[in-house]
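Hello,

The structure we talked about is below. My notes on it follow.

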Amino acid sequence: MIPSPTELEPCPAGCGALVLMTMTEHGRRMPVDAEPHPDGNQAVYRDGTGRWRSRSLSGRDARPPEHLESTYKPHVAACPRRVVQQAIPGLPAPRPRPRRRAPVRRYTTWKTR
Ligand SMILES: [Zn+2]
């Protein structure tokens, strides 16, 4: 199932992309990319009230996508301005910026004989 252009909204992180805002099984808002993707790990469908829902396909006992569901990628996977630092499967976890250490001062004697 593909959302109509009027159902898309701008990325909440402000990267300028249009995203589809879905509600997860846990009641959290999850923006996904506007277009379905065969490698997506979210099964997205529209429920009886017209609301877009998503459920993760990566869980151990997740059902495979059903015929009314399309697979989408979470927008945070591609968003260049993601604000929520979240581990993305396949990518190393974001590391805190290393603190610069104070340079070690060594007293050297220059060219002594
Ligand atoms: Zn974005």
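**Zinc site and fold**

The 4 donor atoms around the zinc ion subtend angles of 104 to 115°, so the arrangement is tetrahedral (four donors, all angles between 85 and 135 degrees). The protein donors are Cys-11 (SG), Cys-15 (SG), His-75 (NE2) and Cys-79 (SG), at 2.0 to 2.3 Å from the zinc ion. Donors here are N, O and S atoms within 2.8 Å of the metal (3.2 Å for Na, K and Ca); water is not among the atoms, so sites may look incomplete. Along the chain the donor spacing reads C-x3-C-x59-H-x3-C. Cys-11 sits in the loop between strand S1 (9–10) and strand S2 (18–24), and His-75 in the segment after strand S6 (70–72); the pair is 64 residues apart and links distant parts of the chain. Both Cys-11 and His-75 are buried (under 20% relative accessible area, 1.4 Å probe, protein chains only).

This is a predicted model: local features need pLDDT of at least 70, side-chain atom pairs count only at pLDDT 80 or more, and totals for chains, interfaces and linings use all residues. Residues are numbered from 1 along each chain as its sequence is written, and side-chain values use heavy atoms, with hydrogens and water left out.

The protein has 0 helices and 6 strands (DSSP runs of E, at least two residues; helices are H or I, at least four). Of its 113 residues, 27% are buried.

The largest nonpolar core holds 8 residues: Leu-8, Leu-20, Met-30, Val-32, Ala-34, Val-44, Trp-52 and Tyr-72. Such a core is a set of buried Ala, Val, Leu, Ile, Met, Phe, Trp, Tyr and Cys residues joined through side-chain atoms within 4.5 Å.

Best wishes

Key. Buried < 20%, exposed > 50% of the residue type's maximum accessible area, 1.4 Å probe, protein only. Tetrahedral: all angles 85-135°; square planar, octahedral: opposite > 155°, others 65-115°.
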